[in-house]
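The following note collects numbered remarks for a colleague who is reviewing this entry. Please read each remark alongside the sequence and the coordinates.

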Amino acid sequence: MASLLEKAYNPDVLTCLANLSNDEVFTPPELANDVLDMLPEEIWSDPTIKILDPCCKSGVFLREAAKRFIKGLEHVYPDLQERVDHIMHEQLFGIAITELTSLLSRRSLYCSKFPNGKFSVAEFDDTEGNVRHRTLQHTWVNNRCKYCGASNAEYDRDNALETHAYEFIHTDNPERILNMKFDVIVGNPPYQLSDGGFHASAVPIYHKFVQRAKMLNPRYLSMIIPARWYSGGRGLDEFRAEMLNDDRLTEIHDYPEASDCFPGVQIKGGVCYFLWTRDRRDNCKIVTHHGTSIGSPMRRPLLEEGCDTFIRWNEAIDILAKVRAHGEPSFKEIVSPSKPFGLRGAFGDFEKAKTATANIKLYRVGENGYVSKDQLLSNKQLINAWKVFIPRAGSGSDAFPHTILGKPFVGEPGSACTESYLALGPFTSEAECENVISYIRSQFFRFLVLLHKPSQDATSKVYTFVPKQNFSEKWTDEKLYNKYDINLQQIDFINSLIRPMDLGDGDE
């Protein structure tokens with residue numbers, strides 16, 4: 001038995017698994033250990049500690065926890081088999097997200113997909129052990145699941161198919177699933193479900209695992225989730241408010257580039273893992289990971305005074321303070337809502353050539369055209385004004401440094417756009433528009449946008465931290481850095497995140 005336990009994890013097959021999708025990402029063993037490292041060291045020598053992974057995929061969190069307990073409890077249970085039996089039966093529990101991952105998780109934890117088989121490192125009376133899986137159906141209310149928001153059209157499936165109705169979040173009473181209290185809840189939940197909407201849109205669900213876990217009131221909670229919650233958005237505003245105002249959030253490790261955390265995986269806005277500590281209230285320790293470098297940790301509030309969003313880079317705090325000290329109005333004030341003229345991105349009722357009635361130029365992704373004034377539903381005062389159009393979808397790049405925003409261009413009087421663009425203005429002349437564009441092209445401008453932009457979507461709120469300027473003059477980074485007293489070290493930091501926007505740059 002000793003030989004089996006010592007050799008079972010070499011080589012480590014969990015480093016070789018292909019991800020199920022960008023929404024259900026397997027956790028590399030090294031990353032799982034980074035998460036477990038946030039927990040107090042003393043728990044690994046405590047035989048009463050109970051750990052739950054409510055979203056098991058590979059079983060890596062439970063497996064790595066088992067290794068730590070095997071070492072830490074040697075003084076309590078000198079006999080290895082007795083020690084392993086206690087750990088597997090009394091301390092480690094999981095809820096798998098699918099039948100397939102239940103088998104994989106049991107194989108990782110028990111060294112056998114059948115815990116009652118002869119190859120299992122601990123003997124159980126059934127085929128589940130402490131890693132359970134139940135096939136559930138969604139609970140439909142008005143064609144949506146009342147628990148996860150899944151679309152009836154997408155997920156009302158035959159019992160033989162995977163429903164993705166994850167047990168942990170499809171109940172009003174998660175504590176009744178296993179009928180026990182847990183000291184630690186840890187995991188990497190599924191991130192979203194397709195909702196059958198336009199362009200395969202999806203509804204986030206990862207926050208529901210965090211909220212359900214808090215209902216169990218563990219001493220420690222740690223999960224790996226997308227970082228889009230920093231600024232809220234679809235279905236996340238309430239969760240964002242809960243998290244950013246929760247002083248039990250003890251530590252956040254932030255990865256602006258998801259591939260630095262999950263090699264080969266692109267998740268817009270990056271990912272993070274956090275530690276929530278029930279019995280401690282304090283500022284949060286923030287650590288930013290960028291490539292192979294790790295930023296200097298800083299313990300600070302999740303919401304800086306006067307800010308409504310989380311600033312993910314510690315180095316940005318002082319830069320933003322210098323900008324805000326000037327007390328200037330926000331550039332956001334001259335940025336339109338998401339549908340500047342009330343037209344969807346897929347709007348197709350336009351003329352290819354200008355006519356007597358369709359005499360307003362319409363900018364849209366793909367082929368531009370012409371529409372009549374009556375077809376425009378809002379912001380009609382902008383139609384005959386000078387303005388600047390900028391793509392609503394920011395840079396598609398996921399690697400730093402990048403441009404953050406798409407290419408802005410002048411919107412002449414007699415023009416409009418679909419929701420694929422935002423409209424900035426109004427301005428008094430083409431020259432003033434060109435000066436606005438010079439400001440947008442500055443790395444300083446786009447750095448301040450980045451602080452409020454956790455995903456590719458660049459709505460008006462991402463311009464919140466950007467101050468308005470006098471647009472009777474052109475702007476350069478040199479002028480802006482001098483104005484706001486940005487030092488060389490801070491300039492280098494900005495340059496590490498934002499690359500110059502060349503005149504030929506378009507949307508990335």
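1. Glutamate 412, leaving aside neighbours within four places in sequence, is in contact (heavy atoms within 4.5 Å) with Lys361, Tyr363, Ile383, Ala385, Trp386 and Lys387. The residue is placed in the loop between β18 (409–411) and β19 (415–417); helices (H or I, at least four residues) and strands (E, at least two) are DSSP runs, numbered from the N terminus. Its relative accessibility of 24% makes glutamate 412 partly exposed, where buried means under 20% relative accessible area, exposed over 50%, and partly exposed in between (1.4 Å probe, protein chains only). The C-alpha atom of glutamate 412 is separated by 9.5 Å from that of cysteine 433, 21 residues apart along the chain.

2. On the basis of the note: this is a predicted model, in which local features need pLDDT of at least 70 and side-chain atom pairs count only at pLDDT 80 or more, while totals for chains, interfaces and linings use all residues. Residues are numbered from 1 along each chain as its sequence is written, and side-chain values use heavy atoms, with hydrogens and water left out.

3. The overall architecture comprises 14 helices and 20 strands. The radius of gyration, taken over C-alpha atoms, is 26 Å, close to the 23 Å that the globule rule gives for 508 residues, so the chain is as compact as a globular protein of that length. That rule is 2.2 Å times the number of residues to the power 0.38. The C-alpha trace spans about 85 × 55 × 35 Å along its principal axes.

4. Of the 508 residues, 55% count as buried. Among contacts between residues at least 6 apart in sequence, 71% join residues at least 24 apart. The accessible surface comes to about 21,700 Å², with 48% of it belonging to carbon and sulfur atoms; accessible areas come from the Shrake-Rupley method with a 1.4 Å probe, and for residues only the protein chains shown count as cover.

5. As to charge, the chain carries 58 positive and 69 negative side chains, and the centres of the two sets lie 4 Å apart. Lys and Arg count as positive and Asp and Glu as negative, with His and the chain ends not counted. Each charge is placed at NZ of Lys, CZ of Arg, CG of Asp or CD of Glu.

6. How many disulfides does a search of the whole structure find? The search finds 0, a disulfide being a pair of cysteine sulfur atoms within 2.5 Å. Cysteine 148 is in no disulfide, and the nearest cysteine sulfur, that of cysteine 145, is 3.8 Å away. Cysteine 148 is buried, with a relative accessible area of 1%. For cysteine 111, the closest cysteine sulfur is in cysteine 56, at 15 Å, too far for a bond. Cysteine 111 also counts as buried, at 11% relative accessibility.

7. The peptide bond from glycine 425 to proline 426 is cis, with omega near 10°, and proline 426 lies in strand β20 (residues 421–427). Asparagine 217, a residue other than glycine, has a positive phi near 55°. Asparagine 217 sits in the loop between α8 (206–215) and β9 (220–226) and is partly exposed at 39% relative accessibility. Aspartate 485, likewise not a glycine, has a positive phi of about 55°. Aspartate 485 is found in the loop between α13 (477–483) and α14 (488–497) and counts as exposed at 56% relative accessibility.

8. Valine 35, in helix α2 (residues 29–36), is buried at 1% relative accessibility. Leaving aside neighbours within four places in sequence, valine 35 is in contact with Phe61, Val186, Ser222, Ile224 and Tyr273. Valine 35 and valine 186 are 151 residues apart along the chain, and their C-alpha atoms are separated by 8.4 Å.

9. Glycine 72 belongs to helix α3 (residues 60–72) and is buried, with a relative accessible area of 18%. Not counting residues up to four places away in sequence, glycine 72 touches Trp44 and Ser45. The C-alpha atoms of glycine 72 and tyrosine 206 are separated by 32 Å, the two residues being 134 residues apart along the chain.
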